[in-house]
Amino acid sequence: MGNTDSKLKFRKAVIQLTTKTQPVEATDDAFWDQFWADTATTVQDVFALVPAAEIRAVREESPSNLATLCYKAVEKLVQGAESGCPSEREKQVVLNCTRILTRILPYIFEDQDWRGFFWSTVPGAGRAGVDEADEEDDGARPLAESLLLAIADLLFCPDFTVHSHRRGGPDSAEDMQSLDSCEYIWEAGVGFAQSPPLNYIHDLNRTELLRLLLTCFSEAMYLPPASDGNVLNPWVTFFCSTENRHTLPLFTSLLNVVCAYDPVGYGIPYNHLLFSDYREQLVEQAVQILIVTLEHESGHAHRAPSPTSMDEQDCAGPHNLFVNYLSRIHREEDYDFVLKGLARLLSNPLTQTYLPNSTKKIQFHQELLVLFWKLCDFNKKFLFFVLKSSDVLDILVPILYYLNDARADQSRVGLMHIGVFILLLLSGERNFGVRLNKPYSLHVPMDIPVFTGTHADLLIVVFHKIITSGHQRLQPLFDCLLTIVVNVSPYLKSLSMVAANKLLHLLEAFSTGWFLFSAAQNHHLVFFLLEAFNNIIQYQFDGNCNLVYAIIRKRSVFHQLANLPTDSASIQKALQRKKKSPDTISRTNSQEMVSMEGSRPAVPAEPGTLKASLVAMPGIDKLTEKSQVSEDGTMVAVPQTDSPGSPEHGPVAGASDTESNSGRDSETLPHSRQDVFYTEAEMARRRLSSASSAVTYWNPTPEWVLSWKSKLPLQTIMRLLQVLVPQVEKICIDKGLTDESEILKFLQHGTLVGLLPVPHPILIRKYQANAGTAVWFRTYMWGVVYLRNVDPPIWYDTDVRLFEIQRM
């Protein structure tokens, strides 16, 4: 009954606030206390009892009352942070203010005129409960800073968010000020050995405060994507600066809570249905805070951190202390803890049990992938640690699982991109290719053909599935997928017959005349595949009899490429054929086999699924830079000198500046130059307008075809066919063989030493960060955060500008 009463009281206070036309004085405590003093409302209640329309009405009609409400709520948090919330009532006041601010902040951010409000100084702000001596200093703090520092203090408040180390609890304000939060880190792991006892009340309180913190950081959602990637979030900049004395323990707490989390717990079947897992909610908020705060510093901070004792060591690294600490993790045992934790969580949805739905499945794998990306990006030693052992495969297999599972679902196109980017980053390192030779023996239920082979085979089979049966909007990723294959190809010791056939099927599909001629960049895919074959033949011939056999069987494809017609009549004839068969890549000639046991087919998104739009990705030439592997294994950067035949060639004459340079045809997402970004809605409009003019937009000429046909790297394969085909045919005739195994045995023991052209240097295309990827990551990350926070729906129906929310 009491709860219903307090809800009614709270609702009455909200109605009073929205109907008052006169400003309510800040000193009228009787009025303002109704919002937080006597209520026991959950965050869900607050969202239900404070409708969006009413917040907007107060914002427009009585702005001074909204300003006072925000100021008073922050003041209460500041007081709670100073007193340490010794009583239950004070704890309740802090939680209520936290919920109200979480509800209101998005409506402050969506209005341009209000955005500066929290960064202005409110008369008397920061003075409540502060000694006279501090008044000079704190009187002028902007409201945002007071709020962020209060949240940081409250996250290390004994008996509220951390275990008290003393019996009596803090006795005075001094205790909160002198408390060393490094002794109160939430979980053992990086830089901290003790694991404090689990306390679900503390977990719930931390979750509420982190939710408010995430809402503070979400101002980024209300600004359109900036093309230079130079926008620094003032909330993040201040929170991660030396002004916040808790940055180190908080960063460590967040990282350790995420990496130590084990959703399966004690392994009791169905335990997640019996007990509420408060730790999971905390882990979700913690990983979201981490990915949002770990941002590149390419711009200038909102306000420079004030000089403190931290600054001397800070000069050496980024001003964002979270980035600084992440980049300085260096102990092997810390790397091991982080990698094993992330691998355990990423593999969680793959776990197969005999009892259906008996183990908990986590939903925050996209955030974990972004966190893994940022770890590799900011801490190169971590990246080398990951690649040092076959532990990298514990990250690879879940990523391939997610890519395969999401390939038909347009609402998960962002997940496809982040998975491919991680693999592109890893494939730039030799060790990744070497690790792929480990036999694949796991039984992860994937909708792919059953095969016996290595992790390299798994990667190729999944990539083939994405290309041949993914949805249309994945076409811009084909370049990336094949770049990964090329990067690892010189190190692949023995491809299975299944994987070899898949690669040849891709070559067959990409080398048809209509596909090659129908877009300016399609021939690049053939160049990538030929380069991969050449690498394997030149550097790993001995173990790859399956691939050599597949090449011999499909030799007609190579002869057709060598004899590709270049006259206008043949080009037009090939393009006419396209109109008759609109399906880009058919499954014909690809022996579709039985899928793995227990797997489900990839399915499109449910109707009504919400998705966040993404900005277009830069082309592969902007995403990567070429490096040549020298004889001692070191990489040497190759200067960019592009020829029309190379897959890195820039825009082709006739393509407009802002149209796609990785476009496969007019169906493909157009994609921008580095300094122009479109939302997907704009791109759809452009696509419609360009589809009608597609014929005039791209017109392949004989000169254009000749310019790249002459550069097709066919010499090695043609020489191989010239030597081996007569020998294989002779064996078949002499022995009357129709049995593959005998031919494979012959190829296995054959050699081409001295018969092939001189091996070419190995070229690796390493991922390189640029403004385009920075904007893409920010947009994708905030889109994930928006869609994952549905209870309560923090940003739903507010006017976000960074992306568009679309219904499938």
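**Entry 1: Lys72**

I began with Lys72, which touches Ala26, Asp29, Trp32 and Trp36 when residues up to four places away in sequence are not counted; contact here means heavy atoms within 4.5 Å. I work from a predicted model, in which local features need pLDDT of at least 70, side-chain atom pairs count only at pLDDT 80 or more, and totals for chains, interfaces and linings use all residues. Residues are numbered from 1 along each chain as its sequence is written, and side-chain values use heavy atoms, with hydrogens and water left out.

I located Lys72 in helix 5 (residues 63-83). The cut-offs are under 20% for buried, over 50% for exposed, and in between for partly exposed, with a 1.4 Å probe and protein chains only.

**Entry 2: the chain as a whole**

I noted 37 helices and seven strands in the chain. Of its 808 residues, 58% are buried. Taking contacts between residues at least 6 apart in sequence, I found that 81% join residues at least 24 apart.

I then looked up the largest nonpolar core, which has 252 residues. Such a core is a set of buried Ala, Val, Leu, Ile, Met, Phe, Trp, Tyr and Cys residues joined through side-chain atoms within 4.5 Å. Phe35, Phe118 and Trp782 touch the most other members. Leaving aside neighbours within four places in sequence, I listed the contacts of Trp782 as Leu214, Phe217, Ser218, Ala220, Met221, Val292, Leu802 and Phe803.

**Entry 3: helices 17 and 20**

I recorded an angle of about 25° between helix 17 (residues 332-347) and helix 20 (residues 392-406), with their axes 9 Å apart. The axes are lines fitted to C-alpha atoms, for helices over the stretch in contact, and angles run from 0 to 180 degrees between N-to-C directions. Helix 17 and helix 20 are therefore roughly parallel; this label applies to angles under 35 degrees, with over 145 roughly antiparallel, 65 to 115 roughly perpendicular and the rest oblique.

Helix 17 contributes Leu339, Ala343, Leu346 and Ser347 to the contact, and helix 20 contributes Asp394, Ile395, Pro398 and Tyr402. I classed these residues as six nonpolar, one polar and one charged. Ala, Val, Leu, Ile, Met, Phe, Trp, Tyr, Cys and Pro count as nonpolar, Asp, Glu, Lys and Arg as charged, and the others, Gly among them, as polar.

**Entry 4: helices 21 and 24**

For helix 21 (residues 413-427) and helix 24 (residues 478-488) I again found an angle of about 25° and axes 9 Å apart. Helix 21 is therefore roughly parallel to helix 24. Val420, Leu423, Leu424 and Ser427 of helix 21 meet Cys480, Leu481, Thr483, Ile484, Asn487 and Val488 of helix 24.

The buried residues include Phe478, Asp479 and Asn487.

I placed Lys709 in helix 34 (residues 702-709). Lys709 and Asn563 are 146 residues apart in sequence, with a C-alpha to C-alpha distance of 9.2 Å. Not counting residues up to four places away in sequence, Lys709 touches Leu561, Ala562, Asn563, Leu564 and Thr566.

I found Cys732 in helix 35 (residues 715-735). Cys732 counts as partly exposed, at 22% relative accessibility.

Key
Helix = DSSP H or I, 4+ residues; strand = E, 2+ residues; numbered from the N terminus.
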